[in-house]
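This report covers fold, surface and charge pairing. Please look over the sequence and model first.

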Amino acid sequence: MAVNAKKIAVYALVVFVLYVIITDPAKAASYVQIGFEGISSAAKAIGDFMTWVANGGKN
């Protein structure tokens with residue numbers, strides 16, 4: 001039962017993404033840019049944290 005719900009959810013998500021891309025490509029591109037900026041910010045924060053840890057927790 002849970003597997004079928006997961007398949008339905010994935011299918012609905014794919015249909016929604018295709019709908020957004022087809023109806024408003026500029027908005028879809030904006031969403032992608034926002035997503036990549038978020039990933040980039042997270043990676044930078046992790047890098048800063050690892051540098052802080054490697055320096056012994058000193059500022």
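## Fold and dimensions

The protein has two helices and zero strands. Helices (H or I, at least four residues) and strands (E, at least two) are DSSP runs, numbered from the N terminus. This is a predicted model: local features need pLDDT of at least 70, side-chain atom pairs pLDDT 80 or more, while totals for chains, interfaces and linings use all residues. Residues are numbered from 1 along each chain as its sequence is written, and side-chain values use heavy atoms, without hydrogens and water.

The radius of gyration is 19 Å, whereas a compact globule of 59 residues would have one near 10 Å. That radius is taken over C-alpha atoms; the globule rule is 2.2 Å times the number of residues to the power 0.38. Along the principal axes, the C-alpha atoms fill a box of roughly 50 × 35 × 10 Å.

## Surface

Of the 59 residues, 3% are buried (under 20% relative accessible area; exposed is over 50%, partly exposed in between; 1.4 Å probe, protein chains only). The accessible surface is about 5300 Å² (Shrake-Rupley method), and carbon and sulfur atoms hold 73% of it.

A nonpolar patch covers about 900 Å², with Val-10, Phe-16 and Tyr-19 among its residues. Patch residues have over 30% relative accessible area and no salt bridge; nonpolar side chains are joined within 5 Å, like charges within 9 Å. Val-10 lies in helix H1 (residues 2-23). Val-10 is partly exposed, at 47%.

## Salt bridge

There is one salt bridge (a side-chain nitrogen of Lys or Arg within 4 Å of a carboxyl oxygen of Asp or Glu). Asp-48 pairs with Lys-44, their closest N and O atoms 3.0 Å apart. Both sit in helix H2 (residues 25-54), four residues apart, so about one helical turn separates them. Asp-48 is partly exposed at 43%; Lys-44 is exposed at 54%.

Note on methods: Areas by Shrake-Rupley, 256 points an atom, 1.4 Å probe, with all protein chains shown as cover.
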